Amino acid sequence: MTGAGALATALVALAGLLLALALVTAAQRAHRQRGERLRALAAEPVRPTLIRLVAGEESDVPGAVEALAGLDSRTWAAVEPSLEGLLLKVKGDAHAAVVAVLEQRGSLARALARTRSRSAVARAHGAEVLGAAGRQAAVEDLLRLLADDDAEVRRVAARALGRIRSTAAAAPLLEAVSSRRPVPPRIIASAVMRIGVGAHPALVATLRDGDTLQRAIAAEIAGLAGATAAVEALMDALLHDPQVEVRVRSARALGRIGMPWATGHLIAATGSGQPLPLRIVASRALGDIGSSDAVPRLSELAADAHHRVASNAAASLLRCGAAGIEALEGVAAAPGGEHAREALAMARLRGIHSGTSAPALGGSR
Amino acid sequence: MTWLDALRDWGPVAALRGPLVALFDATDTAVLLYFLVINTSYLVLIVLASLEFTHHLRRQPFAGLEDAASSPLTQPISVVVPTYNEEVLIVPSVRAMLALRYPEHEVLIVDDGSTDATFERLAAAFDLVAIPRVVPQDVWTKEGVTSVWVPSDGRTPLVVVRKANSGRSDAINVGINAAHYPLVAIVDADSILDPDALLVVAKPFSDDPLRVVATGGVVRAVNGCRVVAGRVVDVRMPKELLARIQVVEYLRAFLLGRTGWSRARSLLLISGAFGLFRRDVLVESGGLDAECIGEDFELVMSIHRRMIRSKRDYRVVFVAEPVLWTEVPADRNVLGRQRRRWHRGLWEVLWKYRGMTFNPRYGRIGMVALPYYWFFELIAPLMELAGIVLVPLGLVVGAVNTEFAVKFVLVAYAYALLITLAALAVEEFSFHRYARWRDLGTAVWASVLENVGYRQMTAWWRVQGLWSALTKRKQVWGVMTRQGFGDEALERTSVGS
């Protein structure tokens, strides 16, 4: 074949491909729009029943459940995604009513079966529905999915376990943060926090015996959850843990929990020989606790050479009562008191402080 | 004898025939290969992007955005917005950014010495007051901060930093210094973010917190769309031809091209209009190069180099989700300036990082992505222009077989059209943001027109940009003449006032 002949063949092939692509694109649009229209048409008559189910009087609910449970399969296919979506939007009786409908239609049994599907998307979908429905019976299956090959499935399973609030899931969740197939710390933290007080023993145990990442995330969660049971372990970790990351998170947690007897440990953590990230966080945690015992040390730190340490210490002094504000005004008046002046200015704006020595606001634009 | 035969027999024309025949003989195979490889590489990128979209969209229903939106562990973000003479759009832009759905973010406006009423409008709208805020010098900047302003309620998370004019990059560096939070989003003031934009681009940081250092999102053209209260509520094709063509161009190049590169873990460019970075990595990299006109490209290259040299496992990720809407030039002069600037920036960065090209130490960045940018992004307009000049000349002097040339040109443009239509098809199967049939028809027509006139015009501008870089002419950003978003809420307010 000559060059021109080959080009002619290529041209014909390209023209065919162009036409096919245009037709496929148009067909896809028509198909999608038709599907949307049909689903909307099928779901429209059921809308009042759905409203009765989640927002009606108590006496309306059994009837609504029965009506939805008896829908023909075509209408149900249009309604089921909306009901699954509602699981995450409603609480209490409305949530129980939605779960009852899904239960009767076999949706939850199918979701459980889907956790064993070969498709990662199906497994994730199954886990999402089970978690949103709060199915205690699914905990074992969801724990299995915590070690799934697919990262998204693991993430969904962790969130689902948090929603179910199973105490038994706390320790496996904390372990999952650094397992061979890990789950991101933020998702683990959210899940364990949802479990609540029941997870606190697992937090303390992990703080003492977990690996670095597990200890760090346990400390973070303990602070966010206000786990007073973990204070001793946190104070120990703050001063003695071999990893800076764990010490930093322990300092932050102690501040969030707010027990005054942690003040001495946190002051020690702001020492000039301590790692900078720890000094930054500890200077802020002292303000979270707000004990007047911290005022002398915070006054020194408010003029620290490092920006973040000084900035946090100045902001912390504001939260240490009258003694703290007085000390802050003293620092602001002295050379090197820029951070103190900034903190006082912000406090005035927020109405926290009305002292006369705060810098004038407004200025020329 | 026809007039063409007479012309070919004319002395100077006849003398040209020999050299031209020799040139075509020597280069025809290479040109054919170049054409095949460049278009096929686009096709490969589109296939990669399609895989990414399929993966992304099938998992979107359980992406956990709601969870991220309410989690106290979602990393807070400083949204840095460099601003210069944006008095028309700045207030609605800031309001929209403050209203973004995210657990904790601050909006940090860096007023780069505006000479219009940008600051005055902000001061009036948010009742700004000066505070003695301390801004660290973590990143070197040409100009220092002259004053820092916050809303008088002390609670609205807005900070306005004023400084003398020193350019966009330097303004961003000032913003990086003033940023409070561990993640820094760099956003153009004249852009519109989708309400969940921060959640969407921050998700990779949450999913892979140890490795992800930067993310970017899809930028789309806002021209023609209905905008209400700083939100795009109805996506439509623009009325202007140039803007229509850019819509399909953005779809192909930005949506699919960058998603494809990201899928191949070789993303070199996060648009300067919107990117999210770890602040510590920005500081380590020294911020943006204020002397480089392709500062967004330069920043990502700098991050790649630093991370690879220090043997860190890291990721630069492009999120396959439309997050930012920006006004594309509808005026030929403005478009020309933009494309000259882009190509000049491309050359500057490629030249600055030439040591990484074909250097196995830099893995697929050095061995695949950078060579691709050299051969197909930088040189493509030169090849295109050479073809535009030489093929007609060859036809005139009789150095080219007319039938072959015509068929070759048709095949070349049909293949290019196929690439753009494939991009449209992928958009239709994935995000299908342009809901009206009329818009789909307009997009197909714009795809045809892109290859007839537009491509040749932009090739000329890009060659001009390259030339100005090689001859070291003074670099100028130029002024983007904006038509505004046609924000209906804003217009009602203006009428009312």
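Predicted model: local features only at pLDDT ≥ 70, side-chain atom pairs only at ≥ 80, totals over all residues.
## Size and fold of chain B

Chain B holds 16 helices and 12 strands.

Of its 497 residues, 48% count as buried. Take the contacts in chain B between residues at least 6 apart: 80% of them join residues at least 24 apart.

## The nonpolar core

The largest nonpolar core has 240 residues. Within this core, Ile188(A), Leu234(A) and Leu328(A) touch the most other members. Helix α14 (residues 402-429) of chain B gives the largest share, 12 residues.

What surrounds Leu328(A)? Leaving aside residues up to four places away in sequence, Leu328(A) touches Ala302(A), Ala314(A), Leu317(A), Leu318(A), Ala340(A), Ala343(A) and Leu344(A).

In chain B, helix α2 (residues 11-59) packs on α14(B). The angle is about 10° and the axes are 10 Å apart. At that angle, α2(B) is roughly parallel to α14(B). The contact of α2(B) with α14(B) has 13 nonpolar, two polar and no charged residues.

The α2(B) side consists of Phe35(B), Asn39(B), Tyr42(B), Leu43(B), Ile46(B), Ala49(B), Ser50(B) and Phe53(B). They meet Ala412(B), Tyr415(B), Ala416(B), Ile419(B), Ala422(B), Ala423(B) and Val426(B) of α14(B). An α-helix has 3.6 residues a turn, so residues three or four places apart point the same way.

## The contact between chains A and B

Each chain contributes to the contact: 47 residues come from chain B and 47 residues from chain A. On the side of chain B, the elements that give two or more residues are α2, α3 (65-70), α5 (118-126), β3 (128-131), β4 (145-151), α7 (197-207), α14 and α15 (437-470).

Which element gives the largest share of the side of chain B that touches chain A? It is α14(B), with 16 residues. By class, the residues on this side divide into 28 nonpolar, eight polar and 11 charged.

Helix α11 (residues 185-195) of chain A is mostly covered, with 10 of its 11 residues buried. The buried set is Pro185(A), Arg186(A), Ile187(A), Ile188(A), Ala189(A), Ser190(A), Ala191(A), Val192(A), Met193(A) and Ile195(A). One of them, Ile188(A), is among the core residues that touch the most other members. The buried residues of α11(A) pack against α9, α10 and α13 (212-225) of chain A, and also against α3 and α7 of chain B. After α11(A) comes Gly196(A), with a positive phi near 85°.

Helix α6 (residues 168-178) of chain B has 11 of its 11 residues buried. Among them are the charged side chains of Arg168(B) and Asp170(B).

Arg165(A) is not a glycine, yet its phi is positive, about 60°. Arg165(A) sits in the loop between α9 (151-164) and α10 (170-176) of chain A. Is this residue buried or partly exposed? With 16 other C-beta atoms within 10 Å, Arg165(A) is partly exposed.

Asn85(B) also has a positive phi, near 50°. Its loop runs between β1 (77-83) and α4 (90-98) of chain B. Asn85(B) counts as partly exposed because it has 17 C-beta neighbours inside 10 Å.

## Distances in sequence and in space

Ala123(B) lies in helix α5 of chain B. With 17 C-beta neighbours inside 10 Å, Ala123(B) counts as partly exposed. Ala123(B) and Trp149(B) are 26 residues apart in sequence. Their C-alpha atoms are 8.4 Å apart in space.

Leu255(B) belongs to helix α8 (residues 241-263) of chain B. Leu255(B) has 25 C-beta neighbours inside 10 Å, so it counts as buried. Leu255(B) touches Val218(B) and Tyr250(B), not counting residues up to four places away in sequence. How far apart are the C-alpha atoms of Leu255(B) and Leu16(B)? They are separated by 44 Å, and the two residues are 239 residues apart along the chain.

Terms used: Residues numbered from 1 in each chain as written. Chains lettered and ligands numbered in written order. Core = buried A, V, L, I, M, F, W, Y, C linked by C-beta atoms within 7 Å. Buried ≥ 20, exposed ≤ 12 C-beta atoms within 10 Å, placed from the backbone. Helix = DSSP H or I, 4+ residues; strand = E, 2+ residues; numbered from the N terminus. Contact = placed C-beta atoms within 7 Å. Axes fitted to C-alpha atoms, helices over the stretch in contact; angles between N-to-C directions. Parallel < 35°, antiparallel > 145°, perpendicular 65-115°, else oblique.
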